[in-house]
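Please read it with the structure open.

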Amino acid sequence: MEKLRQTPSQTVGPFFAYSLTAEQYGYDYNSLINGLLINHDTEGERIYITGRIYDGKGQTIPDALIELWQADANGQYRSLPIHQKNDGFTGLGRLGTGTDVQDRFLFTTIKPGSIGDGQAPHINIILFMRGSLHRLYTRLYFSDESATNSQDELFNTIPEERRNTLIAQRKQNAGRIEYHFDIYMQGEKETVFLMYITNDVIS
Amino acid sequence: MENSQLIEVEPINFNVQPPHLYSEYKSTILRSPTKPLIPVKEQLKDLSLPAFGDSAIGKWDHDLTKNARKNGEPIGERIKVSGKVMDEYGRPLRNVLVEIWQANAAGRYIHKAEIHDAPLDPNFLGAGRMLTDREGRYSFYTIKPGAYPWGNHFNAWRPNHIHFSVIGHQIGHRLVTQMYFPGDPLFEFDPIFQSVPKHARELLIAKFRMDWTEPEFALAYEFNIVLNGKCQTPFE
Ligand SMILES: [Fe+2]
């Protein structure tokens, strides 16, 4: 089969909000994906995922777009189609960092279960921003899962001194459970970014 | 595949992606990773993204000339932008969420942080979305966006473009890109367009399709999108 060339990636730019996160930013257009990955009936431990994104000078980034993709409390990803916004447990979240005075994101979800052997509970993250020509993948692991984290296949392929950048810190705040996950684009604490290899035959 | 039968007449360079750091595009300097990315090899089931149902999409979401009308039609040149979303083997990817956003005909975004001194259009938002059909096709009606200035360097202008966000079937299929129009004189001055390797820039330029034009209504452009990796939809 003749192979086609991929479409090159380009930056999301500074002006995505009225399309991709319209409701969050107050534009007159509805959103399919937002900061709520669950609904009232979703089983599991309610948690909040919050953090900031820092550039190479330590400034917080106010125009990034962050997407989350996670399994449910039983380690199952959603396979049924999403028919509307907040259609039960979607496991899919999306927020911009431009509506909080401190440039934070705040997702409402449940703690995912392990998706299988050799997999610690985790949340996949996709990041976009002005000044980034690609989507950037990373992964959030949980600070209260250190035993399972150390068994995780991917976690173990990461140089030891950088593993910390993928661990969200569990905190109690006003009776709710928050995981704090700051992302550093550069510098000493530069977050580990990932590259997905599909199982294509490389000829 | 039998290697002896593979005679490459004209080798294709598959390296189409821009680098992370492209210093002519100044914002990349402080916002691009400096350390190598870590490869992930996983079971495909772990990479699947959910599909969207048709009911998730509004009736006019695909028609930007209609979806934000207040007191009339938006100003500008009405166009149709259509194409196919495929995997690298040319197989159509159906049920893919395609979201777009763009400036209006005057080169002005409705975004609140936009400061370019060009008029807003009360009848144009500039956002749309749809799902690809069984053949992987999508088709939007919109207004041809104008060029606009930006602060990257003195007298910097972006070529006319439409932003695309594409959610395929797997996490590795996630793409955000920009579609350009043929023959734009700003190409050679735009570091975002120039960040793509020279041989691959044509992949971001829509083709003018006279044969898809709707007489007395709208000119037509074709923009096909090829996502990373194979189509793995199990039920096809
Ligand atoms: Fe733009």
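Predicted model: local features only at pLDDT ≥ 70, side-chain atom pairs only at ≥ 80, totals over all residues.

1. Chain A contains four helices and eleven strands. Its C-alpha trace spans about 50 × 45 × 40 Å along the principal axes. For 203 residues, a compact globule would have a radius of gyration near 17 Å, and chain A has 17 Å, so the two agree.

2. How much area do chain A and chain B bury between them? The figure is about 7,900 Å², with 58% of it on carbon and sulfur atoms. On the chain A side, the residues that lose the most area to chain B are R5(A), Q10(A) and F15(A), which together make up 11% of what that side buries.

3. The contact draws on 78 residues of chain A and 97 residues of chain B. Polar contacts across this interface number 44 residue pairs, counting pairs with both residues at pLDDT 80 or more. Several elements of chain A each supply at least two residues to the side that touches chain B, among them helix 1 (17–20), strand 3 (64–70), strand 6 (122–129) and helix 4 (153–157). By residue class, that side of chain A divides into 40 nonpolar, 22 polar and 16 charged.

4. Over all chains the count is 24 salt bridges, and five salt bridges are counted between chain A and chain B. In one, R94(A) is paired with E99(B), with the closest N and O atoms 2.9 Å apart. Another salt bridge links D28(A) and K70(B), where the closest N and O atoms are 3.6 Å apart. D28(A) sits in the loop between helix 2 (22–25) and strand 1 (46–51) of chain A, and K70(B) in the loop between strand 1 and strand 2 of chain B, so this pair joins two chains.

5. Strand pairing also crosses between the chains. Strand 11 of chain A pairs with strand 1 (residues 38–40) of chain B in the parallel sense, over three bridges. Within this part of the model, L194(A) stands opposite I38(B) in strand 1 of chain B.

6. Which strands of chain B are joined to its strand 11 (residues 219–222)? Strand 2 (residues 78–86) runs parallel to strand 11 and is joined to it by four bridges; here S82(B) has E222(B) as its bridge partner. Strand 10 (residues 207–208) runs antiparallel to strand 11, with two bridges between them. F208(B) stands opposite Y221(B) in strand 11.

Terms used:
Residues numbered from 1 in each chain as written. Chains lettered and ligands numbered in written order. Heavy atoms only, no water. Contact = heavy atoms within 4.5 Å. Buried area = accessible area lost by both parts, 1.4 Å probe. Salt bridge = Lys/Arg side-chain N within 4 Å of Asp/Glu carboxyl O. Polar contact = N/O pair within 3.5 Å; in protein donor to acceptor, adjacent residues only side chain to side chain. Nonpolar A, V, L, I, M, F, W, Y, C, P; charged D, E, K, R; others polar. Pairing = 2+ DSSP bridges. Rg over C-alpha atoms; globule rule 2.2 N^0.38 Å.
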